[in-house]
Structures are given as structure tokens and as C-alpha cells.
Amino acid sequence: MHVIVCSNWLKNEVEKSYLSKWPIHMIYNWIDTDKFKELHDETVFERYGIDKYKKMLVSVSAFWDDNTTRFNDAIRLAEVLPDDFQLVVIGKKITKKPLSNNMVHIDYVNGVTELSKLYSEAIAFVGFSVEDTFGKVFAESMLCGTPAVVFNSTACPEVVGETGYVVSPHDVNAMVDCIKEISLNGREYYSQRCKDLVISKYGYEQNVDKYIDIYESIVKVES
């Protein structure tokens, strides 16, 4: 048996387990670089009820619920944001807790193109996860030229690399400091580095080829 993991953080964890007696390979998850791209379209503001005169932050999760800390941290961040910022959270909301006044909830986005537009209009992606084995939504936003601010937990900082910011888990005040710095520098200061990192490390072809290499090596040994 061969074990394949999707981040160096996960590889280190698996090496501590009983699975360590088998070969362990690290291959990143991939992002479709032909689909996610920087697309600016101001019609998204009216379409989703977003204030076009405020600076937009975006965060994406399959679910916003009470079973994880993500939604509570999103609320806490929104409460300490300056008045000229707003937080847009995308994904199904299955908690009865209300949003803060400077938050917008989008239940569903129809397609990668529409999601790329929302990523592209944000000055930063804010990631509230403390339990990601990779963190694909961070990479998606980065491919659209949007830097990410994430918690220093699991594989989150690994995905962002040197293109964004990493703060202690649940430290929303530190997140605000990073967001202010991004706003001061301008989104464009980060955009190309974000794109270059995703293309160089999380592209489709180079990571799929690594899977093929493993299968070929197994077949060669067995033959």
C-alpha cells in the first residue's frame, strides 16, 4: 500500500501513526487554473446586496453552523472591523445566530465564474478554519489575485505561504491588523505573487503527474 496525503502538515501527522510503515507521498490538491481567474465585475455588488462603497472581505465554507468555531469567529471579526469594511460569507448558513450589521451572507454561488468575480472584488480572503488538511478555498482566492489571512493551524499557513498573513487561531484582532495592512498596501501589491504561488504549486498537471508516477512505479515493481 502507498499512502498519499495533500499537505506536508498532514504527512507529518500520518508519519506519527500506524500508517508510517507504508510509503507516504505528499501531493497537493490542485486548482483548475483555467477556471479560477481574476475577473472584475461590479454587478456582483447589486446582485448579492453588497455595499460597493465599503471594502469587501470574503470567506467561504460549505456550512456556517454551530458545530465549528468558524461562524463565531466570523461574527467576532465583523464586530471589530472598521466601519468602512464588510465581511461576505459564502456557504449554507444552518445556525440561527444573526449576522452582524456589516456582514452579508450568500447561500449559494452558481458556478466558478461567479465565485471568481466575488473573490476578485474582495481585498482579502479571511479563513476561519482550524482543521484543514489543505485549504482549497484559500488557493482559489489567491488564483484570483486576492491575498488570504488565515489561522496558524493545520495546513492553512502552508497553503498561503509568503503571499498572505498568518495569525494565531481565533485571534480576530490580529486579523484586523493584517487586513488594515493589506488595505494600506493595496490588493495589487499581493496579487501576482498569489497567482504565481498557486500556479507553481497547486496546478493540475504537475500534481496529477505525480499520481501517475506513483502508479507507474508500483506497476514496474510488481512486474
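These are my notebook entries on what I looked up in this predicted model.

**Ground rules**

I number residues from 1 along each chain as its sequence is written, and I use heavy atoms for side-chain values, with hydrogens and water left out. Since this is a predicted model, local features need a pLDDT of at least 70 and side-chain atom pairs count only at pLDDT 80 or more, while totals for chains, interfaces and linings use all residues.

**The sheet**

I began with the strands and helices, which are DSSP runs numbered from the N terminus (H or I and at least four residues for helices, E and at least two for strands). In what order do the strands of the open sheet stand? I found 6 strands in the order β5-β4-β3-β6-β7-β8, with parallel pairing, where two strands pair if DSSP finds at least two bridges between them. The edges are taken by β5 (103-106) and β8 (165-167), and each of these has a single partner strand, so one side of each is left without a neighbour in the sheet. On average, neighbouring strands of this sheet are turned by 25° against each other, direction ignored.

I then followed β3 and strand β4 (residues 85-93), which pair in the parallel sense over 8 bridges. Across from lysine 93 in β4 I found tryptophan 64.

Helix α3 (residues 70-80) packs on the sheet and touches β3, β4, β5, β6 (124-126) and β7, where contact means heavy atoms within 4.5 Å. The direction of α3 makes about 165° with that of β4; such axes are lines fitted to C-alpha atoms, for helices over the stretch in contact, and the angles run from 0 to 180 degrees between N-to-C directions. Helix α7 (residues 172-185) lies across β3, β4, β6, β7 and β8, and runs at about 165° to β8.

**Serine 61**

A polar atom of the serine 61 side chain lies 2.8 Å from the backbone oxygen of phenylalanine 63. Not counting residues up to four places away in sequence, serine 61 touches Arg70, Ile90, Gly91 and Lys92.

**Threonine 154**

I located threonine 154 in the loop between β7 (148-151) and α6 (156-160). A polar atom of the threonine 154 side chain lies 3.0 Å from the backbone oxygen of aspartate 132. Leaving aside neighbours within four places in sequence, I listed Trp9, Val130, Glu131 and Asp132 as the contacts of threonine 154.

**Cysteines**

How many disulfides does a search of the whole structure find? I recorded 0 disulfides, a disulfide being a pair of cysteine sulfur atoms within 2.5 Å. Cysteine 144 is in no disulfide, and the nearest cysteine sulfur, that of cysteine 194, is 10 Å away, which is too far for a bond. Cysteine 144 is buried, with a relative accessible area of 0%, and cysteine 194 is buried with a relative accessible area of 0%.

**Salt bridges**

Side chains of opposite charge can pair when their charged atoms come close. A salt bridge is counted when a side-chain nitrogen of Lys or Arg lies within 4 Å of a carboxyl oxygen of Asp or Glu, and a search of the whole structure finds 12 salt bridges.

I looked up lysine 16 and glutamate 13, whose closest N and O atoms are 3.2 Å apart in their salt bridge. Lysine 16 is exposed at 66% relative accessibility, whereas glutamate 13 is partly exposed with a relative accessible area of 33%.

Next I took aspartate 84 and lysine 55, which form a salt bridge with their closest N and O atoms 3.6 Å apart. Aspartate 84 lies in the loop between α3 and β4 and lysine 55 in strand β3, so this pair ties together parts that are 29 residues apart in sequence. Aspartate 84 is partly exposed at 34% relative accessible area, and lysine 55 is partly exposed at 32%.

Arginine 76 and aspartate 73 meet in a salt bridge of 2.7 Å, N to O, and both lie in helix α3, 3 residues apart, about one turn of the helix. Arginine 76 is partly exposed at 35% relative accessible area, but aspartate 73 is buried at 4%. My last entry is a network in which salt bridges that share partners join Asp41, Arg47, Glu114 and Lys117.

Note on methods: A polar contact is a pair of N or O atoms within 3.5 Å; within protein, one must be able to donate a hydrogen and the other to accept it, and residues adjacent in sequence count only if both atoms are side-chain atoms. Buried means under 20% relative accessible area, exposed over 50%, partly exposed in between (1.4 Å probe, protein chains only).
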